[in-house]
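Good morning, and thank you for coming. I shall take you through one structure, beginning with a charged residue and ending with the chain as a whole.

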Amino acid sequence: MSNRMDEADPRELQSLQYYLNEYGQQAEVLSRQLEMLEQQRLESLASIESLQSLGAAQGGTVLLPLGGGVSVQVQVPDPDSVLVAIGAGVTVGRTNAEAVSFLEDRARELEASEKKLSETIERIRGQMNEIAARLDAAYRSQVPGR
């Protein structure tokens with residue numbers, strides 16, 4: 001920006017507006033990623049709760065959600081034997097306790113990723129605020145009578 005605000009360079013103002021828009025788009029994308037991570041973490045925590053209650057199920061009968069608000073009662077023949085998706089389309093058999101441990105680790109990793117992503121979003125928002133303040137000052141200086 002030029003030394004004198006009353007002589008703000010239109011190209012610099014345009015550049016600042018461009019950066020402000022770019023940062024806004026980045027923050028929006030990162031916010032959506034943050035929401036996805038949060039959803040995955042909540043699903044892991046819900047799965048942990050379900051696995052822990054499997055063994056305590058009355059007569060081995062549990063409600064299995066099918067989607068759309070529909071569930072069925074099913075008998076779980078071996079509540080200590082579960083299948084865990086470990087990534088890349090690979091599913092492995094684990095004990096209930098191993099599956100809980102795996103999901104707890106996953107939830108911790110997701111929480112750490114959420115924290116880093118939140119910090120990045122905050123840095124971007126801080127930069128956006130700085131740019132917006134510079135733009136505001138430049139535009140105010142161009143308004144006659146100010």
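Let us begin with Arg 11, which is exposed at 63% relative accessibility; here buried means under 20% relative accessible area, exposed over 50%, and partly exposed in between, with a 1.4 Å probe and protein chains only. Please note that this is a predicted model, in which local features need pLDDT of at least 70 and side-chain atom pairs count only at pLDDT 80 or more, while totals for chains, interfaces and linings use all residues. Residues are numbered from 1 along each chain as its sequence is written, and side-chain values use heavy atoms, with hydrogens and water left out.

The side chain of Arg 11 forms a salt bridge with that of Asp 9, at 3.4 Å from N to O. By salt bridge I mean a side-chain nitrogen of Lys or Arg within 4 Å of a carboxyl oxygen of Asp or Glu. Asp 9 is partly exposed, with a relative accessible area of 26%.

How many salt bridges does the structure hold? There are eight. In another of these, Arg 41 meets Glu 114 at 3.0 Å, N to O. This pair links distant parts of the chain, as Arg 41 lies in helix α1 (residues 10-54) and Glu 114 in helix α2 (residues 96-142), 73 residues apart. Helices (H or I, at least four residues) and strands (E, at least two) are DSSP runs, numbered from the N terminus.

I turn now to the strands. β3 (residues 81-87) and β4 (residues 90-95) pair in the antiparallel sense over six bridges, where pairing requires that DSSP finds at least two bridges between the strands. Ala 85 has Thr 91 in β4 as its bridge partner. Two residues lie between the strands of this hairpin, and Ala 88 there takes a positive phi near 55°.

Finally, the whole chain. Its two helices and four strands follow the pattern α-β-β-β-β-α along the sequence. The radius of gyration, taken over C-alpha atoms, is 26 Å, well over the 15 Å that the globule rule gives for 146 residues, so the chain is more spread out than a compact globule. That rule is 2.2 Å times the number of residues to the power 0.38.
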